[in-house]
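Work through each task before consulting its solution.

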Amino acid sequence: MGDPLEPPEGTPEGGSGNEDEFRSVVFDESFVRAARIQELSARERLGNNYQRATRPKVGLGPIGTLPRQAVALLLLVVMAFAAAVYFGISSPHRQVSPPTGNQLTESLVALAPLTPVTAVADPKHPFAALPAGYAEGTAGLGTPPGSATTHFTRSEVNRALDTVQRYLVASAMAPTTLVQGETGEARALVTPGEQAQYDDSVTSPRDDQHHAATGWLVRFDPGQVALADSNVQAKGAIEVAEADSGTLEVTTDHTFVYALRPAGTTSDPSVTLQYVRRELRFELDRTDLGSARLRLVDAVTQTGPTSCGAQSAGYLQPTLATAAGVTPPVPPAVDPADHTAPAWQVCGVLGQPAR
């Protein structure tokens, strides 16, 4: 390391070296340039009326000497860039890729009749004998007014409720869906991450708890069943909660009643009331709210009168009445040691609707 008294650029030519007695007070040009404080010139002191005889030099390491304004501007640019990167990464509202795979889990419960299935007393007014509480169409859905939650505004909750109600109508009330094989209207409301599962369920329905078309839709085989009345009666409720800070959870629980007759007949007096209870759980994040789509996560369906042995993955299989009545088959016995049959298959007994 050099002598601390030597100039930064070495001893000036012609100097007398360490023997020079004036070395401590004589400075060359390199000392002046390296100084942190510079003396103002006579013109600067007279022209600007400076009270100080010196001015500081602002340096930024190897960058060299910069004005204060330039340094401040540079710092602001760096801070703004850092803030943009941070909020871009950590923002809870950022859009994410929609989930894929088998999102929906389904369960279908057949409700078998224990007595002969009889036709309604008045085919022209098939719903006249229903217990109180049922209403026609959307009036029976019991959609509540939206109210804000901890992380979602009232407007966002209302958008979620509107999307869910539209799905309920498209999947369980539209005649085109019920008996004409239409599937596009409900599909349009399903998030893209579930559409592959939806399509597979419709084109290749199977009873595996994930790919039954009747988990997504209420539909009857148009070759077997027709609507005796295009109206659908319903009663139930809809509840809204938060699955997390970025996801709304909407749960619906409704009983739908359909007036059915055998396909290919127009004047058959035998009209059967088919009951279908659907308990569904939906999730909607802010991306779903913006696109008016939803994710159907869980679906439990009870339907009757239906034989316990009916294959209902593709279509619900009602037991229709005839003029003389139909004696239902005895529900089959279940062997708990038979592993060829899925354990989730469930059958119940259809009771009389409470009045």
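**Exercise 1.** Which residues are linked in a network of salt bridges?

*Solution.* The model is a predicted one, in which local features need pLDDT of at least 70 and side-chain atom pairs count only at pLDDT 80 or more, while totals for chains, interfaces and linings use all residues. Residues are numbered from 1 along each chain as its sequence is written, and side-chain values use heavy atoms, with hydrogens and water left out.

Step 1. Apply the criterion: a salt bridge is a side-chain nitrogen of Lys or Arg within 4 Å of a carboxyl oxygen of Asp or Glu.

Step 2. Name the members: the network links Glu-249, Arg-281, Glu-283, Asp-285, Asp-288, Arg-295 and Asp-298.

Step 3. Examine one pair within it. Asp-288 and Arg-295 meet through their side chains, N to O, at 2.8 Å.

Step 4. Classify their accessibility (buried is under 20% relative accessible area, exposed over 50%, partly exposed in between, with a 1.4 Å probe and protein chains only). Asp-288 counts as buried because its relative accessibility is 4%; Arg-295, at 9%, is likewise buried.

**Exercise 2.** State how many salt bridges the whole structure holds, and describe the one between Asp-162 and Arg-166.

*Solution.* Step 1. The search of the whole structure finds 13 salt bridges.

Step 1. Between the side chains of Asp-162 and Arg-166 the N to O distance is 4.0 Å.

Step 2. Locate the pair. Both residues belong to helix α4 (residues 154-172) and are 4 residues apart, about one turn of the helix. Helices (H or I, at least four residues) and strands (E, at least two) are DSSP runs, numbered from the N terminus.

Step 3. Recall the geometry: an α-helix has 3.6 residues a turn, so residues three or four places apart point the same way.

Step 4. Asp-162 is partly exposed because its relative accessible area is 41%; Arg-166 is also partly exposed, at 40%.

**Exercise 3.** Why does the span of helix α7 agree with expectation?

*Solution.* Step 1. The expected span is 1.5 Å times one less than the number of residues.

Step 1. Helix α7 (residues 192-203) has 12 residues, so it should span 16 Å; its end C-alpha atoms lie 17 Å apart, which agrees.

Step 2. Identify the buried residues of α7: Gly-193, Glu-194, Gln-195, Gln-197, Tyr-198, Ser-201 and Val-202. Their cover includes α6 (184-187), α8 (213-216) and β9 (295-304), where contact means heavy atoms within 4.5 Å.

**Exercise 4.** Count the aromatic pairs, then describe the one formed by Tyr-198 and Trp-216.

*Solution.* Step 1. Rings of Phe, Tyr and Trp (its six-membered ring) pair if their centres lie within 6.5 Å; planes under 30 degrees apart are stacked, over 60 edge-to-face, and the rest tilted.

Step 1. Tyr-198 and Trp-216 are edge-to-face, with 5.2 Å centre to centre and 75 degrees between the planes. The pair links distant parts of the chain, Tyr-198 in helix α7 and Trp-216 in helix α8, 18 residues apart.

Step 2. Both Tyr-198 and Trp-216 are buried.

**Exercise 5.** Determine the handedness of the disulfide between Cys-308 and Cys-347.

*Solution.* Step 1. A disulfide is a pair of cysteine sulfur atoms within 2.5 Å; the structure holds 1. Cys-308 is joined to Cys-347, S to S 1.5 Å.

Step 1. The torsion about their S-S bond is about -50 degrees, so the disulfide is left-handed.

Step 2. Distant parts of the chain are linked: Cys-308 is in the loop between β9 and β10 (346-349), and Cys-347 is in strand β10, 39 residues apart.
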